[in-house]
Amino acid sequence: WYTSAAGSTGSVMELIPEFYYLPDFLVNSNKFNFGARQAGEEIDDVILPPWAKGDAKEFIKKHRQALESDYVSDHLHDWIDLIFGYKQQGKAAEEALNVFYYLTYEGAVD
């Protein structure tokens, strides 16, 4: 997480809705062959963080609890300002560290 969120300003990620309601997408229940890593280990189910205790349902449950928490409710307006509001561009975006490579902005290329 740290390297993708804090170490690179070119990487923009948001969680898809499935992270909050659908544990099935984390499990390879159909046993599709996704190949192997360079070390030869087969790629199968998503490797979950330790706090999920190896359980995709627990992983989704914790994500949903976080999404529905008082903290998120109290700070949702801040996220809206960053994504849709006045902190998208300009001085406010710079102060919020919400700036991206100039070619990513609409109208930057003819």
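Helices (H or I, at least four residues) and strands (E, at least two) are DSSP runs, numbered from the N terminus. Keep in mind that this is a predicted model, in which local features need pLDDT of at least 70 and side-chain atom pairs count only at pLDDT 80 or more, while totals for chains, interfaces and linings use all residues. Residues are numbered from 1 along each chain as its sequence is written, and side-chain values use heavy atoms, with hydrogens and water left out.

Select residues 70–83 to begin. This is helix α3, which has 14 residues and reaches 20 Å from its first C-alpha to its last, close to the 20 Å expected at 1.5 Å a residue; the expected span is 1.5 Å times one less than the number of residues. Look along the helix to Leu76, where a kink of about 45° is centred, the bend at a residue being the angle between axes fitted to the seven residues ending there and the seven starting there.

Phe84 is exposed, with a relative accessible area of 58% (buried means under 20%, exposed over 50%, and partly exposed in between, with a 1.4 Å probe and protein chains only). Trp79, at 37%, is partly exposed. These two rings, Trp79 and Phe84, form an edge-to-face aromatic pair, 5.8 Å centre to centre and with 85° between the planes; rings of Phe, Tyr and Trp (its six-membered ring) pair if their centres lie within 6.5 Å, and planes under 30 degrees apart count as stacked, over 60 as edge-to-face and the rest as tilted.

Now move to Phe19 and Phe59, whose aromatic pair is tilted, with 6.1 Å from centre to centre and 55° between the planes. Phe19 lies in the loop between α1 and α2 and Phe59 in helix α2, so the pair ties together parts that are 40 residues apart in sequence. Both Phe19 and Phe59 are buried.

Finish with two backbone angles. Lys53, in the loop between α1 (2–5) and α2 (56–67), has a phi near 55°, a positive value in a residue other than glycine, and Lys53 is exposed at 70% relative accessible area. Then select Leu97, found in the segment after α4 (90–95): although Leu97 is not a glycine, its phi is positive, at about 55°, and Leu97 counts as exposed at 76% relative accessibility.
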